[in-house]
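The following note sets out numbered remarks on the model under review. Please read them alongside the sequence and the coordinates.

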Amino acid sequence: MRNSLSIILIIFCMMPIFGQTIKTASGDISVLAGEKELSVTFGYDNMNVHGYPSEADFIKDKVRIREEHKPGLGEKFKGSWFADRDTVYAPLFIKHFNHAIPEKRKITVSINNPNAKYNLHIQTLWVYPGYNVGASQPSKIEVALQLYEIANPENIVWESKSPTRIKAKVAPYKRELRIGAAYSSLAMSMSWLLKKKAK
């Protein structure tokens with residue numbers, strides 16, 4: 001039992017080494033050094049879904065399948081698909097980002113923070129929802145990240161290479177939590193980038 005616990009702790013401590021890397025395309029993320037607050041926004045315009053020509057085609061197909069099974073289920077799915085962005089993905093990103101930054105270099109992220117000097121914009125470009133039906137497959141997302149001054153949005157001080165692909169570490173049964181897990185992984189990767197570059 002003690003040996004098993006030791007192995008788990010070693011793996012946990014080594015996770016950052018094998019973490020997914022966010023690479024810089026331009027600018028310098030170290031401008032956040034010393035900042036205590038960071039605003040974050042999320043965008044999903046023109047997002048693609050794996051296996052479909054467009055997000056609209058994905059939604060149309062999933063709505064049709066559910067409506068054929070039981071009237072009303074399709075529209076319920078459509079509503080939750082969009083609502084999950086604010087109720088699941090963003091909260092999971094914020095929770096895991098804030099938890100990962102150590103107190104001595106604490107920077108707190110929140111949505112549309114009026115006290116922050118900079119805003120991190122997360123544009124989702126593509127999503128693979130994954131599955132969990134006996135066998136499981138974690139979700140993946142591709143994003144483009146930009147950091148800009150809130151007072152001067154045209155002044156982009158840092159941006160990631162695009163697209164940046166992030167894979168979830170787990171594959172929960174519920175679709176929204178599977179996709180949300182990818183945003184948790186993104187938060188961890190972003191926090192490790194700040195630990196290295198914005199001390």
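1. D61 counts as buried at 19% relative accessibility, where buried means under 20% relative accessible area, exposed over 50% and partly exposed in between (1.4 Å probe, protein chains only). Its side chain meets that of R64 in a salt bridge, 2.7 Å from N to O; the term denotes a side-chain nitrogen of Lys or Arg within 4 Å of a carboxyl oxygen of Asp or Glu. R64 itself is partly exposed, with a relative accessible area of 41%. Both residues lie in helix α2, three residues apart, about one turn of the helix.

2. The model is predicted: local features need pLDDT of at least 70 and side-chain atom pairs count only at pLDDT 80 or more, while totals for chains, interfaces and linings use all residues. Residues are numbered from 1 along each chain as its sequence is written, and side-chain values use heavy atoms, with hydrogens and water left out.

3. R64 also forms a salt bridge with E68, the closest N and O atoms being 3.4 Å apart. E68 is exposed, with a relative accessible area of 58%, and lies four residues from R64 in helix α2. The structure holds five salt bridges.

4. Another of these bridges pairs R175 with D84, with 2.8 Å between the closest N and O atoms. This pair links distant parts of the chain, R175 being in helix α4 and D84 in helix α3, 91 residues apart. R175 counts as buried at 16% relative accessibility, as does D84 at 7%.

5. As to the overall fold, the chain contains four helices and ten strands, taken as DSSP runs numbered from the N terminus (helices H or I, at least four residues; strands E, at least two). Their order along the sequence is α-β-β-β-α-α-β-β-β-β-β-β-β-α. Of the 199 residues, 42% count as buried. Among contacts (heavy atoms within 4.5 Å) with a separation of 6 or more, 70% involve residues 24 or more positions apart.

6. Seven aromatic pairs are present; rings of Phe, Tyr and Trp (its six-membered ring) pair if their centres lie within 6.5 Å, and planes under 30 degrees apart count as stacked, over 60 as edge-to-face and the rest as tilted. One of the pairs, F58 with W81, is tilted, at 4.7 Å centre to centre and 50° between the planes. It links helix α2 (residues 55–69) to helix α3 (residues 73–100). F58 is buried at 4% relative accessibility, and W81 at 2%. Ring pairs link Y52, F58, F77 and W81 into a cluster.

7. F93 and F97 form a stacked pair, 5.9 Å centre to centre with 25° between the planes. Both residues lie in helix α3, four residues apart, and both are buried.

8. Which residues touch the most other members of the largest nonpolar core? They are F93, F97, L120 and L186, in a core of 46 residues; such a core is a set of buried Ala, Val, Leu, Ile, Met, Phe, Trp, Tyr and Cys residues joined through side-chain atoms within 4.5 Å. Elements giving two or more residues to this core include β2 (37–43), β5 (118–128) and α4 (175–197). Not counting residues up to four places away in sequence, F97 touches L38, I107, V109, A187, M190, S191 and L194.
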